[in-house]
Amino acid sequence: MGPVETAMSDFLLERGGVAVIDGGLATELERHGADLNDPLWSAKCLLTSPHLIRTVHLDYLEAGADILITASYQATIQGFEGKGFSQDQSENLLRKSVEIALEARDIYYSRCCESASDYTGDGRILKDRSIMVAASVGSYGAYLADGSEYSGCYGDAMDLEFLKNFHRRRVKVLADSGPDLIAFETVPNKLEAQAFAQLLEEEDINIPAWLSFNSKDGVNVVSGDSLSECVAIAESSKKIVAVGINCTPPRFIRDLILSIKKVTDKPILIYPNSGESYDADRKEWVQKTGVSDEDFVSYVNKWCEIGASLVGGCCRTTPNTIRAIYRTLHNRSSALP
């Protein structure tokens, strides 16, 4: 196996077998004062307030995250062009999403060097360790901003070539911007998973990728496509080094991990949402429908025991969630013989 294929296994070996992914971005940007009422969602901050993105990245690193996901989930060339930007300007905004995460990592490393301890009195974790930057690529449904990444229904006319051409330049620009890997996130159907896997080969992408699906029933991906068939796409691609689930209620995760394990030996990644329901028509989260950080973290050991290797949070999770995950995993590894 080459360096691309072993990148994730080497990274996990260094971590004792489990690594921490960061948490929700949009909720934290709003908490810091960002206005995300826009089809570009958190990608809007690449235009208006990149310093807030950097701040949130640093918050997650100081909460114990080993992997930062860039603010490019909703960032597409087509979306930026729809706002009046040229192709060059749009591509520069994609590059900027990676640059901000790399800057945050450098600042964090500096803080680690300056700190006399791995842990500060105010709960920050300043532990010098290798950190991966994952360039986020959201689904076509995320660009549509109509909630279809939660249904996977793109219409009968949708085909593989359309999806590949929609994502092609974006994936290439992000991959060439210096991240450690590409994170294909909230993939709602088998067709788009095929598109991503083929693009990695066609564009000769030379960094690894992960493929993460979402589910609303704990059995299939949201479109109704077979999870096993979707995972098999990741299993057959040498450049996809991990596969799993994101943006899915925690109560479904255990069964989904067990289903994934039947199809692949690749590392399994899990970063669920808080369990809250999203109202796509009103474009808001339904209050009091999720689980507490305490309940969320209570699942983590169970997920790792049955096979998860990368664990974090998606929508509506916070640095406090990630800090609790870090502590749980740290305590778990300390307790292992």
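Predicted model: local features only at pLDDT ≥ 70, side-chain atom pairs only at ≥ 80, totals over all residues.
**The annotated cysteines.** I started with the UniProt record, an unreviewed entry, which places the feature "binding site" at Cys 247, Cys 314 and Cys 315.

**Cys 247.** I traced Cys 247 to the loop between β6 (240–246) and α11 (253–261). Its relative accessible area is 6%, and I noted Cys 247 down as buried because the cut-off is under 20%. Next I asked myself which residues Cys 247 is in contact with, leaving aside its neighbours within four places in sequence. The list holds Tyr 150, Thr 186, Asn 214, Tyr 271, Pro 272 and Asn 273, along with Cys 314 and Cys 315.

**Cys 315.** I placed Cys 315 in the loop between β10 (308–311) and α14 (319–335). Cys 315 is buried too, with a relative accessible area of 9%.

**The cavity.** I searched the whole structure and got one cavity of 30 Å³ or more. The largest cavity holds about 300 Å³ of space. I counted 26 residues lining it, and the closest to its centre are Gly 23, Gly 24, Leu 25, Glu 185 and Cys 314. The elements giving two or more residues to this lining are α2 (26–31), α4 (50–61) and β4 (181–187). The largest share, three residues, comes from α4. Sorting the lining by type, I got 14 nonpolar, nine polar and three charged residues.

Note on methods. Residues numbered from 1 in each chain as written. Heavy atoms only, no water. UniProt positions renumbered as here; feature names shortened; annotations may be inferred. Helix = DSSP H or I, 4+ residues; strand = E, 2+ residues; numbered from the N terminus. Buried < 20%, exposed > 50% of the residue type's maximum accessible area, 1.4 Å probe, protein only. Contact = heavy atoms within 4.5 Å. 1 Å grid on protein atoms, 1.4 Å probe; cavity = no way out; pocket = protein on both sides within 12 Å on 5 of 7 lines; lining within 4 Å. Points joined across faces, edges and corners; volume = space filled by probe spheres on them. Nonpolar A, V, L, I, M, F, W, Y, C, P; charged D, E, K, R; others polar.
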